[in-house]
Amino acid sequence: MDKAHLKKLLELVKSDTISIDEGIEQLAELPFTDLGYAKIDNHRTLRVGYPEVIYCAGKTIEQVVGIVKNMSLGNNNILGTRASKEMYDEVLKICPDAKYNELAKTITVERQKIEKTESYIAIVTAGTSDIPIAEEAAITAEIFGNNVKRIYDVGVAGIHRLFNRVDVIRGAKVVIVIAGMEGALASVVGGLVDKPVIAVPTSIGYGANFNGLSALLTMLNSCASGVSVVNIDNGFGAGYNASMINKL
C-alpha cells in the first residue's frame, strides 16, 4: 500500500462509504503478510517510497510464485531480480501480463501506469559482456519510473567510442558506470561529468580479475571525485540508488 491508496482508504472511511471496521480489516495486513516462508513488507512503499523487490535467487519456484501472487493482490507493480526462465514460466500462469528480460533475469509486472521522469539516468558499460548487469540496473530504474538512456560497449580499450557519446552522458542527472576487467571506466567518466557516478564492478574478466574484486578495488580507489561504488554485479543496487538521486 502506498500513500495514494492509504489516502483513498481514509477518504472512504471518512465519507462512510465503508465502515470503520472494514477500514481496519484492510489495514490489518498493512505492516506485513506472513506466508510462512516469507514475510511480505506491505508497509515499505509508505516508509521509503519504493515497494519491496523479490530477490528470486535461492528461492524455489513455488515460493516465487506465491510471493508474486500475494503482491499482485495489492495491484502494485512488481519487480523480481535474478529470476530463472522456469520461474517466469510459472509466474506467467498467474500473471499473464508479466514480462521477462532474459539478459537482466528480471520479472516485471506493471499494474500501475509508470510516469517517467523528464530527467534521465545514463547507463554506461565498458563492454558487451557487462550488458546483463546493465540491463538489471535499467529495468530496475524503469519500473521505478525513470527515463533511462543506454550507452553500451564504450570501454577504455577504445576510448574514442566513449567520447562519441559524452554529450548524452553529460546530459544525465546521474550516471551508472558498469565495468569488469580492471574497472577503469568509472574513473574516466567521473573525470568528465559534473553529475554523481555510481560505479558497478562486474565479475567479467580473466583470472586476476578475481571474479570482480580487481574492478571493485579500482573503483573504490578512484581518484575521480563523485564516484560511489556498489557491490560486484549489483545492477539492482545501482538502479535503485540512481532512481533516488534522479527523483530528488
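Two strands pair if DSSP finds at least two bridges between them. Strands here are DSSP runs of E with at least two residues, numbered from the N terminus. The model is predicted: local features need pLDDT of at least 70, side-chain atom pairs count only at pLDDT 80 or more, and totals for chains, interfaces and linings use all residues. Residues are numbered from 1 along each chain as its sequence is written, and side-chain values use heavy atoms, with hydrogens and water left out.

**Exercise 1.** Find which strands pair with strand 6, and which residues stand opposite I107.

Solution.
- Step 1: Strand 4 (residues 78-81) runs antiparallel to strand 6, with three bridges joining them. Here G80 is the bridge partner of I107.
- Step 2: Strand 5 (residues 99-101) is also antiparallel to strand 6, again through three bridges. Y100 is the residue opposite I107.
- Step 3: The hairpin of strand 5 and strand 6 has four residues between the strands, and K105 takes a positive phi near 60 degrees in it.

**Exercise 2.** Work out the strand order of the sheet and name the strands at its edges.

Solution.
- Step 1: Two bridges link strand 3 to strand 4 in parallel, and I54 faces G80 of strand 4.
- Step 2: The sheet is open, with four strands in the order 3-4-6-5 and mixed pairing.
- Step 3: Strand 3 (54-55) and strand 5 are at the edges with a single partner strand each, so one side of each has no neighbour in the sheet.

**Exercise 3.** Sort the residues of strand 6 (residues 106-109) by the way they point.

Solution.
- Step 1: In a regular strand, side chains alternate between the two faces of the sheet.
- Step 2: T106 and T108 point one way, I107 and V109 the other.
- Step 3: All of these are buried, meaning under 20% relative accessible area (1.4 Å probe, protein chains only), with exposed over 50% and partly exposed in between.
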